[in-house]
Structures are given as C-alpha cells and as structure tokens.
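I opened this model to look up a few residues and then the elements around them. The entries below follow the order in which I looked.

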Amino acid sequence: MNYGQLKKQVMQLVFSESIAGNEIPVTYNNQADYIRAIPGLANDCMMYIATTVKKIPELVPLKSLASEDLGAYTLYPLPKDFWRLNNGGLIWQRPDIYDIPRYSYQRYHGYKLYARNKLMIPKNAPHLDGMMVEYYRFPETLGDDPDDLTELDNTPDTHPAIPYYIAAQLVMYDDAFRYSALHNEFETRLSRITEPITTQYAQ
C-alpha cells in the first residue's frame, strides 16, 4: 500500500472523502487537519505493529559497521534502525562438513550487547570477515508531507489494519461510537497478522 491509497481509505472511513460522489476539497471543513495528521499517525501505527505482531528482520555484514578498538574487544555500533537482535544475533557462513556442495550457517554467541545498541566482540572470534548481524529494525517513517507513491514499510499483510487505526484516532474526540467501532476493527485485523513459520538451519 502506498501513502496515496492509505490517505484515500482513511478519509473514506471518516466519511470525509466525498459528498454525493464528488471528492471533497481539502479546504472544506476539517479536511486539511485530517490530512495533516495522517503521516504521524501512520508512523505511530507502523511502529506499534513492527514491535509487536510483525517484526521487520534485517541482515548486514559485520564488516560494514563502524568499529572502535577496545583492547581485547572491538566495539561495533549497530545501525540507527536497530531495535533488537534476532535469535542468536550473529551468524557466519562456512562450507558444509559434508561433500555436498552447499553452505551451512554457524551461530556465534560470544558477543556482548552493550548500551542496547552496540556489539562487543573479542578480536580473536572466528570468521569475523564472514560474520553477519541478524536483527530486527524499526520501520521507515513517513515525512510530514509524503508523496502519494511512497510505499509503507513492513509486509503487505500489515497495511490493511493501518487505516482503521488512523481513522479511529481522528474521530476519537468527536464520536465515541465510531472510535470504538474503528478501533475494534483495527484490533481484529491486527490479531489476524501472523509471523511466518521458518526453519532455522543455523547451528
């Protein structure tokens, strides 16, 4: 879903998209205030989803991160979008011990997470050059005035719930019944979002 589609659906849910089949101008009534509030509310909802029901995985090479020498350790500040480590956090790829032409992944657990967003790894850790950092990230946020073609972050199955969250917040102080109905629909759609079942090949 892109921002233009999100905006249109939100305005339809709050009955502010059209009158008698004609599109309502932005200058009419509360239109401009509603549209101005949508990006921030969308960011709030995407953050909520990405840190609860549908996390966003990311994988980056350890050697792509900045580093600081700490004697026996090296300190690696994690990317700005870092939220938390995924499972073991670090993996490295090596040829399989069998004769089959494939690769296996070995997890490395000898790191320390420092100050929530920095990795401390011993300099003598094996296979540092091939090590990858597996983590969950925060969603990319929308600006104050997004282009209509800007795509929402996270997977497509999370997007249909977002308009209901935004619409509920927009009518919260004007219509308690509509707020309750919209928010309940948001919660219902949220409950149907699931994490995929995956097989962990790392050792």
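I started at Val14, which lies in the loop between H1 and strand E1 (18-19); helices (H or I, at least four residues) and strands (E, at least two) are DSSP runs, numbered from the N terminus. The model is a predicted one, so I kept to its cut-offs: local features need pLDDT of at least 70, side-chain atom pairs count only at pLDDT 80 or more, and totals for chains, interfaces and linings use all residues. Residues are numbered from 1 along each chain as its sequence is written, and side-chain values use heavy atoms, with hydrogens and water left out.

Is Val14 buried or exposed? Val14 counts as buried because its relative accessibility is 4%. Buried means under 20% relative accessible area, exposed over 50%, and partly exposed in between (1.4 Å probe, protein chains only). I listed what Val14 touches, not counting residues up to four places away in sequence: Tyr34, Ala167, Leu170, Val171 and Arg178. Contact here means heavy atoms within 4.5 Å. For Val14 and Val171 I noted a C-alpha to C-alpha distance of 7.2 Å, at a separation of 157 residues in sequence.

Next entry: Leu170. Leaving aside neighbours within four places in sequence, I found Leu170 in contact with Val10, Val14, Tyr34, Ala37 and Leu41. I also checked Asp33, which lies in helix H2. Asp33 counts as exposed because its relative accessibility is 52%. Asp33 and Leu170 are 9.4 Å apart in space, C-alpha to C-alpha, and 137 residues apart in sequence.

Then helix H3. How many of the ten residues of H3 are buried? Ten of the ten are, so H3 is largely enclosed by the rest of the structure. Among them are Pro163, Tyr164, Tyr165 and Gln169. I see the buried residues of H3 packing against H1, H2 and H4.

I went on to the nonpolar cores. A nonpolar core is a set of buried Ala, Val, Leu, Ile, Met, Phe, Trp, Tyr and Cys residues joined through side-chain atoms within 4.5 Å. The largest has 28 residues, and those with the most contacts inside it are Leu6, Ile38, Ile162, Ile166, Leu170, Leu182 and Phe186. Helix H1 (3-13), helix H2 (31-50), H3 and helix H4 (176-191) each supply at least two residues of this core. H3 gives the most, with eight residues. I found a second, separate core of 17 residues, which includes Val60, Leu119, Ala125 and Met131.

On to the strands; two strands pair if DSSP finds at least two bridges between them. I traced an open sheet of four strands in the order E4-E5-E9-E8, with antiparallel pairing. Strand E4 (68-70) and strand E8 (112-114) are its edge strands, each pairing on one side only. E8 and strand E9 (residues 118-122) are joined by three bridges and run antiparallel. Across from Tyr114 I found Lys118 in E9.

Strand E10 came next. Six of the seven residues of E10 are buried, so I noted the strand as mostly covered. Strand E3 (residues 56-61) and E10 run antiparallel and are joined by six bridges. The bridge partner of Ile56 in E10 is Arg137.

Which strand holds Arg107? I found Arg107 in strand E7 (residues 103-108). Arg107 counts as buried because its relative accessibility is 12%. The side chains of Arg107 and Glu134 are joined by a polar contact of 3.0 Å. A polar contact is a pair of N or O atoms within 3.5 Å; within protein, one must be able to donate a hydrogen and the other to accept it, and residues adjacent in sequence count only if both atoms are side-chain atoms.

Asn154 counts as buried because its relative accessibility is 16%. A polar atom of the Asn154 side chain lies 3.0 Å from the backbone oxygen of Lys54. Leaving aside neighbours within four places in sequence, Asn154 is in contact with Ile49, Ala50, Lys54, Ile56 and His159.

I counted four helices and ten strands. Of the 203 residues, 40% count as buried. Among contacts between residues at least 6 apart in sequence, 68% join residues at least 24 apart.
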